[in-house]
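Look over the model first, then read on.

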Amino acid sequence: MTNQEIVAKLWNLCNVLRDDGITYHQYVTELTYILFFKMAKETNAEKNIPEEYRWDKLVEKEGTELRNFYKRLLLDLGEKGTGRIKEIYTDATTNIDEPKNLEKIIKSINALDWYSAREEGLGNLYEGLLQKNADEKKSGAGQYFTPRTLINTIVQLIDPKPGERCNDPAAGTFGFMIAADQYIKEKTDNLFDLDIKEQDFQREEAFTGCELVHDTHRLALMNAMLHDLEGEIILGDSLSNLGKQMKDYDVVMTNPPFGTKKGGERPTRDDLTYLTSNKQLNFLQHIYRSLKKDGRARAAVVLPDNVLFQDGDGQKIREDLMNKCNLHTILRLPTGIFYAQGVKTNVLFFTRGKSEKDNTKEVWFYDLRTNMPSFGKRTPLKEEHFEGFIQAYKAEDRTKGEDERWNVYTREEIKKKGDSLDLGLIRDTSISSYDDLPDPIESAEEAVAKLEQATDLLLSVIKELNKSLEGAEAVE
């Protein structure tokens with residue numbers, strides 16, 4: 001049985017919980033609580049779990065006794081556990097009220113082909129479950145899950161290296177950091193090319209993050225644990241003063257939440273130069289301020305279109321970004337890959353300069369939006385869609401490319417446009433050229449003539465109908 005088949009079976013168990021009124025996102029959280037024990041058993045990591053709460057104890061109980069035991073287990077581990085266990089189970093509660101439903105889920109999990117799951121990787125299995133949750137629109141989890149194809153492209157181009165400190169200030173389920181870890185492992189023979197001290201750094205310190213939503217934070221912790229990552233994942237808000245400690249990173253990759261703070265209030269962070277209620281503008285400030293000032297620290301961040309053109313603070317923040325960093329590339333993303341269908345997004349790639357002024361000389365734009373299919377469930381985004389962009393991005397001489405989607409604007413040209421970065425989109429072939437449109441005056445005259453013809457025809461029909469009615473009356 002493949003991991004994909006196991007994920008499908010786990011997901012179908014959600015149907016068992018419909019009568020308990022449990023949402024998809026709550027279901028994944030419940031699965032996380034239960035899977036933790038099973039996966040600890042499968043990986044011989046039960047030493048960190050009190051003996052009375054291990055998987056074999058859980059699976060042998062039934063009915064009301066099982067439900068009461070499970071509730072006590074969640075409470076005790078959240079209060080008395082240590083390390084990752086305490087983090088995952090803090091304030092954990094169950095939404096499963098029906099004992100038979102809980103029993104069915106535990107027994108179904110126990111009956112799965114865990115040998116195959118171990119062979120393919122338990123971390124991959126869990127990520128498959130998170131992906132399934134993100135793809136289900138009713139779950140609302142898409143906001144926490146960036147498409148893997150986009151993550152892989154960003155990681156490949158940012159090129160994280162062993163020994164670098166990587167961070168995601170809006171971690172979601174920790175997808176960016178896990179992909180970065182896997183990327184480095186592939187480059188270093190699963191870290192065997194590194195010495196013991198370097199291996200410990202990669203496992204314990206290299207990958208960190210911060211996540212505001214408690215249940216999503218649990219998913220991130222579980223995901224990190226199953227990929228053998230022990231770096232700190234903070235439960236909190238990067239836009240609060242907590243975020244001030246998040247600094248001196250070599251790499252930042254993130255997809256921060258879109259929108260404004262509730263009620264339009266400003267962030268509680270007191271060290272941002274420009275305070276605005278726009279979350280993504282505040283995250284952008286946080287990100288470039290959190291990078292090392294060594295000329296090599298770099299970031300990639302997914303942001304909506306309004307960041308590129310918003311006036312006022314938006315313009316000041318873009319100017320500050322282009323001063324402090326080399327904003328060398330902007331990828332205009334297609335619509336429909338996440339969030340609502342109409343939300344338009346971009347990826348900004350930039351490198352922190354050693355100085356505070358004039359680090360951006362020119363900005364290259366790649367338009368992956370215009371003349372592209374409408375992406376969604378039926379037309380998924382694939383890695384092949386990024387091939388042209390990757391080739392253009394990596395070219396030693398970007399000016400020699402012949403890809404029409406690839407354009408450049410100098411800093412002077414951008415200044416003349418009021419520091420707007422809403423640039424680089426190519427001609428949409430689905431829209432007719434204005435030269436091909438009919439003359440509006442001739443079109444109006446033609447419409448009037450057609451209306452007069454239709455009116456004459458209608459009057460003649462009415463006249464004939466009246467004659468027919470008069471003839472019928474005469475016969476009577």
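**Charges over rings**

- The charged end of Arg-398 lies over the ring of Tyr-393, 5.1 Å from its centre. A charge counts as over a ring if NZ of Lys or CZ of Arg is within 6 Å of the ring centre and within 35 degrees of the ring normal.
- Lys-61 places its charged end over the ring of Phe-69, 4.5 Å from the centre.

**About the model**

- This is a predicted model: local features need pLDDT of at least 70, side-chain atom pairs count only at pLDDT 80 or more, and totals for chains, interfaces and linings use all residues.
- Residues are numbered from 1 along each chain as its sequence is written, and side-chain values use heavy atoms, leaving out hydrogens and water.

**Aromatic pairs**

- The structure holds 14 aromatic pairs. Rings of Phe, Tyr and Trp (its six-membered ring) pair if their centres lie within 6.5 Å; planes under 30 degrees apart are stacked, over 60 edge-to-face, the rest tilted.
- Tyr-33 and Tyr-89 make a tilted pair, 5.7 Å between centres and 35° between planes.
- Tyr-33 is in helix α2 (residues 24–42) and Tyr-89 in helix α5 (residues 83–89), 56 residues apart. Helices are DSSP runs (H or I, at least four residues), numbered from the N terminus.
- Phe-36 and Phe-37 pair edge-to-face, with 5.7 Å between centres and 90° between planes.
- Ring pairs join Phe-349, Trp-364, Tyr-366, Phe-389, Tyr-393 and Trp-406 into a cluster.

**Helix α2**

- In α2, 17 of the 19 residues are buried, meaning under 20% relative accessible area (1.4 Å probe, protein chains only).
- Asn-44 follows α2 and has a positive phi, near 55°.

Note on methods
Helix = DSSP H or I, 4+ residues; strand = E, 2+ residues; numbered from the N terminus. Buried < 20%, exposed > 50% of the residue type's maximum accessible area, 1.4 Å probe, protein only.
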